[in-house]
Amino acid sequence: MTQALEPLIYDMSVAGRTGALLPALDVPESPLPKDLLRTTLDLPEVSELQVMRHFVRLSHLNHSIDTGFYPLGSCTMKYNPKVNEDAARLPGFAQLHPRTDDEGAQGALALMYQLQTWLGEISGFQAVSLAPAAGAQGEFAGILMIRKYHLDRGDTKRTKILVPNSAHGTNPATVSMAGFEAVELPSDQNGDVDLEALRAACDDTIAGMMITVPSTLGLFEGHILDVIKAVHDCGGLMYMDGANMNALMGVVKPGELGFDVMHYNLHKTFSTPHGGGGPGSGPVGVNDKLKPFLPGPVVEIVDAGNDEEPPLYGLKMPEKSIGRLKAFYGNFGMHVRAYTYIGIHGDTGIKDITRYAVLNANYIRVKLRDTYRVPYDRICAHEFVLEGHFEDVENVHALDISKRLMDYGIHPPTNYFPLIVPEALMIEPTETEDKATLDEFIDVMKKIAAEAHQDADLLRTAPHTAPVKRLDEVRAAKQLVLCCRPLPEWAAGD
Amino acid sequence: MMMSYIPHTDAERQQMLSAVGVTTIEDLFEAVPASHRFPKLDLPAPLSEMEMMAELQAMAEADEHAGDFAVFRGAGAYHHFIPSAVNHILLRSEFYTAYTPYQPEVSQGTLQAIFEYQSMMSSLTGMDAANASHYDGATSLAEAVTVAIDAGRGKRNKIILSPAINPQYREVVRTYHQGQDTKFVGDGGQADIADLVDMLDGDTAMLAVAYPNFFGQIDDLKGLAEKVHTAGALLVVVVNPMALGLFKSPGEFGADIVVGEGQPLGIPLSYGGPYLGFFCTKMKHVRRIAGRIVGETLDEDGKRAFVMTLRPREQDIRREKASSNICTNQGLMALSACVYLSLMGKNGIKQVATLNYHKAHYAADQINALAGYTVDRAKPFFNEFMVKCPKSVAEINDHLIQKGIVGGYDLGQDYPHLQNTMLVAVTETNNREEIDALVAELKEIAS
């Protein structure tokens, strides 16, 4: 019998049990359409206590920000403030039906309008839509807007989007989804986009370029203004992947650098929690050129009001919108959290976030540079990459270092990204970690390096103290078990 | 004094700056073009938590929400009872402050919960497998189109959509595919299922219907899958999962893919998001679908464990060849649904669905008996029904809101032939008193 950490909820079922009670029916029954009714329903039958114990025990198996350090590069695992959770749960927000008439949703609409304005101000964009549900959806919106902009001008020649080879996988995937061809650009020896290659690629078939600032290596591109100029000169538009905004707030506004559009990740920069895989929120900011094409609806002031009356807010579809990206208006619950976060930080707090995020990353970099190879060893932004291997030790990889970190109660950094650095480990501490935590991480990384030299198997067979050991991922893909329930009777013939 | 989330003291900052080899924190930004460095941020001054919550409370109080009003509006989002325990689990920070489970050894909580969610959704919909979520029901449907095009090996690019699918979903499907050659047909008028079947041909990749449809009606889908399959296309069914507590699953009707909105399963109304797009499929399509998928395996010690699988489909590996760019999805909402379905279970879900059914039918009977109002009884319905009204829906709702009632949805906004027609939703949260009050007000308005 295979052991398990925790039984499946189905395995705890006892026929006839239920975990929640509802009031009795208080109206007469109506006839049911007998031939349309299901005859089997395979869901667990457990008590509330069983449910609580099960999920509480499952929660104990997770590492989380609230458990320990989580230096996942490009994910910005900063502290998720608890007041944000209370704010999102206020009944006027949590219990507000999305089909409420605008007049009855003025609190929610005012919040969204203010968030649109604040995000625009932080990044230097004239208009913002909160519609996209995640960063990838924001990217998709941005590229669709670029597409529609060119078509609207009558230009049908532009079929390509330039993407650096260091880009996050969502970038080229987005390009394909939007019907463009992704043209990959090499990086130069500084880790920046190769300007020669870029200039050679710029012609009138280029619709635009996607780039992350700072780069996915955690570096401010030395020649970002040249990059933007090259693309603009050939008639293309510039899209900024805003995943790394934590390094830019109060330091530079992408809109002022010349970007036409960018997406924000509220679940990175603006502290909304990652939730084990979402929900996120990926608003897009644009300049006046792209404003008519924003995904909708967006919140506008419908009536300016006066000294006695507040403004009246309403939902509007932009005149040449690329369309609706999801039902309703975006992940509103995340808008509330981000609004609360920005409101509490204010102008000085927002600036401090970036300053201390960048200080923390540089501190770790200088302390580890003699133990691990740092391929681009100059002042970094909010994250940096080091190589997770040793010249004088065979067969120890970034993966092994990552798994060994788990034994020390630390979540591994991002592995094997960006692809242009061998055995990449991308470390992003964020501004919410204190010096003692960083010093502990530095000590642990040094200890692991020493272990690699003295007893490398300790790394290769790690983790030792996590709830499970390394998993057989080949078996998972070959013997696909995606559901623990047997087929129902009516499917027996399939 | 810095705010509390940034813990550095002045002494620590100094130590760190000198370790890095710079004098001030601003020195760290030399690489940023000087002409654009350190712009002014026109944001308000910081607020304490106390002040912020007071401001938010005032804003929230302005909204006409289900805590203060009797809600009879659905149209894609439903006011259902959420057992307390769901929120308590969601507030466990080991769940909500965790990242995507890329490192499975330290993410078994998230992974097993998603596996259980996948299993429950597969059972509920009568499918073989489910993914870990999409953004919502609308985007799930959009992704189903991508699967159907892929299943047709790119040779078929016609998609037949029932006009009775939620109008917002049909907009989203078009937004998603505006960069492709896909043709969307069928939803321009009032085609019923038989009309849609007539549109099937050798160019059709997919036919999609809703169950219940946007009007609350339940169509008998018997025989539809056979016709769609004969034409070489996929049958995609958009469902309200709450209805599946009572009604036959689309799997039983031969659907290839079942998608829909999981908000009714323990997720608050929250002004439209975050919600939960579920995507369930027959095994034969599982390698085509987008989104994360959790599978069962063993660790080195032979212990059962869970891991994200079929990863090469995803954007970080396939990049420009990935079928979708989806990365972050709605993981915590999948957990919500899992906890809700565990608490309610087999018996509770049937009971909730039954309460919805009978309460909606009681309301329909009472309203239909009023002079000036006619309820559409052409087909069986679940918890929503259409009422032809003696006045405009806007006028009726203006009156109702004064009486503490959020009335039904104005279908005339989306369907020109349905002027003065209100879509009324009734759930287990509406007691008899509330329903009777609605009926009394409707009677009053008509007189």
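A residue counts as buried when its relative accessible area is under 20%, as exposed when that area is over 50%, and as partly exposed in between. By that rule B:Cys338, with a relative accessible area of 0%, is buried. The structure described here is a predicted model.

**Overall form of chain B**

- Chain B contains 13 helices and 15 strands.
- Along the principal axes, the C-alpha atoms of chain B fill a box of roughly 80 × 55 × 50 Å.
- The accessible surface of chain B amounts to about 14500 Å², and carbon and sulfur atoms account for 49% of that surface.
- When contacts in chain B between residues at least 6 apart in sequence are considered, 70% of them join residues at least 24 apart.

**The sheet and the helices packed on it**

- An open sheet in chain B is formed by 7 strands, arranged in the order E2-E8-E7-E6-E5-E3-E4 with mixed pairing.
- Strand E2 (129-130) and strand E4 (183-185) of chain B are the edge strands, each of them pairing on one side only.
- Within chain B, strand E3 (residues 158-161) and strand E5 (residues 204-211) pair in the parallel sense, over 4 bridges.
- B:Ile159 has B:Met206, in E5(B), as its bridge partner.
- Helix H5 (residues 108-125) of chain B packs on the sheet and touches E2, strand E7 (257-261) and strand E8 (277-281) of chain B. The direction of helix H5 makes about 70 degrees with that of E8(B).
- Helix H6 (residues 137-151) of chain B also packs on the sheet, where it touches E3, E4, E5, strand E6 (234-239), E7 and E8 of chain B. The direction of helix H6 makes about 160 degrees with that of E7(B).

**Cysteines**

- A disulfide is a covalent bond between the sulfur atoms of two cysteines.
- The count of disulfides over all chains is 0.
- B:Cys280 is in no disulfide, and the nearest cysteine sulfur, which belongs to A:Cys483, is 9.5 Å away. B:Cys280 is buried because its relative accessibility is 0%.
- For B:Cys338, the closest cysteine sulfur is that of A:Cys484; the two sulfurs are 9.6 Å apart, which is too far for a bond. The cut-off for a disulfide is a sulfur pair within 2.5 Å.

**Aromatic rings**

- Over all chains, the whole structure holds 24 aromatic pairs.
- The rings of B:Phe29 and B:Phe38 have centres 6.1 Å apart and planes at 85 degrees, so this pair is edge-to-face. The cut-off for that class is an angle over 60 degrees between the planes.
- B:Phe29 is buried at a relative accessible area of 0%, whereas B:Phe38, at 29%, is partly exposed.
- B:Phe214 and B:Phe215 also form an edge-to-face pair, because their ring planes are at 70 degrees and their centres are 6.3 Å apart.
- B:Phe214 is buried, with a relative accessible area of 5%, and B:Phe215 is buried as well, with a value of 10%.
- Ring pairs join residues of chains A and B into a cluster made up of A:Phe93, A:Phe328, A:Tyr329, A:Phe332, B:Tyr271 and B:Tyr275.

How values were computed:
Residues numbered from 1 in each chain as written. Chains lettered and ligands numbered in written order. Predicted model: local features only at pLDDT ≥ 70, side-chain atom pairs only at ≥ 80, totals over all residues. Heavy atoms only, no water. Pairing = 2+ DSSP bridges. Helix = DSSP H or I, 4+ residues; strand = E, 2+ residues; numbered from the N terminus. Contact = heavy atoms within 4.5 Å. Axes fitted to C-alpha atoms, helices over the stretch in contact; angles between N-to-C directions. Buried < 20%, exposed > 50% of the residue type's maximum accessible area, 1.4 Å probe, protein only. Areas by Shrake-Rupley, 256 points an atom, 1.4 Å probe, with all protein chains shown as cover. Phe/Tyr/Trp six-rings, centres within 6.5 Å; stacked < 30°, edge-to-face > 60°.
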